[in-house]
Amino acid sequence: MSTTSGPGQTEGTVMTVTGAVPASALRMVDMHDHLMIEPGPATDRDPDLSLGDEQEAITEAGAFLQAGGGAILDAMPTGCGRAPEALRRISEATGVAVIS
């Protein structure tokens, strides 16, 4: 998160998969989730970990938004099956800010 200061005011921003968003716009944040897991080291060890249905992820993220959510932190590490382009599409389709 970055902050900028004005006279008597501090506004933070959070970098999401679609760009910087004011922290105050995030509403409720899911601080650890996995929207997509592409084939990689995690799924090599356990194929049941695969989350490859982008439409299902869009449906679930949309339900989170309807329940009052505003952002999801996708905690998949680089090189372990993270799907940045899919995360961007999910965010754009739902309006949920995705932090990765």
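Student: Leaving aside neighbours within four places in sequence, which residues is alanine 57 in contact with?

Tutor: Alanine 57 is in contact with Leu35, Met36 and Ile90 once those neighbours are set aside. Contact means heavy atoms within 4.5 Å. This is a predicted model: local features need pLDDT of at least 70, side-chain atom pairs count only at pLDDT 80 or more, and totals for chains, interfaces and linings use all residues. Residues are numbered from 1 along each chain as its sequence is written, and side-chain values use heavy atoms, with hydrogens and water left out.

Student: What makes a group of residues a nonpolar core, and how many residues has the largest one?

Tutor: A nonpolar core is a set of buried Ala, Val, Leu, Ile, Met, Phe, Trp, Tyr and Cys residues joined through side-chain atoms within 4.5 Å. The largest has 13 residues, and those with the most contacts inside it are Leu35, Met36, Ala57, Ala61, Ile72, Ile90 and Val96. Its largest share, four residues, comes from helix 2. A second, separate core has six residues, among them Val14, Val21, Ala97 and Ile99.

Student: Is threonine 94 buried or exposed, and how do you know?

Tutor: Buried means under 20% relative accessible area, exposed means over 50%, and partly exposed is in between (1.4 Å probe, protein chains only). Threonine 94 has a relative accessible area of 12%, so it is buried. Threonine 94 lies in helix 3. Neighbours within four places aside, threonine 94 is in contact with Ile58, Ala61, Gly62 and Leu65.

Student: What makes a stretch a helix or a strand?

Tutor: Both are DSSP runs, numbered from the N terminus: a helix is H or I over at least four residues, a strand is E over at least two. Helix 3 covers residues 84–94, and strand 5 covers residues 69–74.

Student: Why is strand 5 called largely enclosed?

Tutor: Five of its six residues are buried, so the rest of the structure largely encloses strand 5.

Student: How do you know which strands pair, and in what order do they form a sheet?

Tutor: Two strands pair if DSSP finds at least two bridges between them. Strand 4 (residues 28–33) and strand 5 have four bridges, in the parallel sense. Strand 5 and strand 6 (residues 97–99) have three, also parallel. The three strands form an open sheet in the order 4-5-6. Strand 4 and strand 6 stand at the edges, each with a single partner strand, so one side of each has no neighbour in the sheet.

Student: What makes the pair of arginine 89 and glutamate 54 a salt bridge?

Tutor: A salt bridge needs a side-chain nitrogen of Lys or Arg within 4 Å of a carboxyl oxygen of Asp or Glu. Here the closest N and O atoms are 2.8 Å apart, and arginine 89 and glutamate 54 form a salt bridge. The pair links distant parts of the chain, with arginine 89 in helix 3 and glutamate 54 in helix 2, 35 residues apart. Arginine 89 has 36% relative accessibility, so it counts as partly exposed. Glutamate 54, at 21%, is partly exposed as well.

Student: How many salt bridges does the structure hold, and which residues are linked in a network?

Tutor: There are three salt bridges, and Glu85, Arg88 and Glu92 are linked in a network of them. Arginine 88 meets glutamate 85 at 2.9 Å, N to O, and glutamate 92 at 3.0 Å. Arginine 88 and glutamate 85 are three residues apart in helix 3, and are therefore separated by about one helical turn. Arginine 88 and glutamate 92, both in helix 3, are four residues apart, about one turn of the helix.

Student: Why does glutamate 92 count as exposed?

Tutor: Its relative accessibility is 51%, so glutamate 92 counts as exposed. Glutamate 85, at 46%, is partly exposed.

Key:
A crossover is right-handed if, with the strands pointing away from the viewer, the path from the first strand over the helix to the second runs clockwise.
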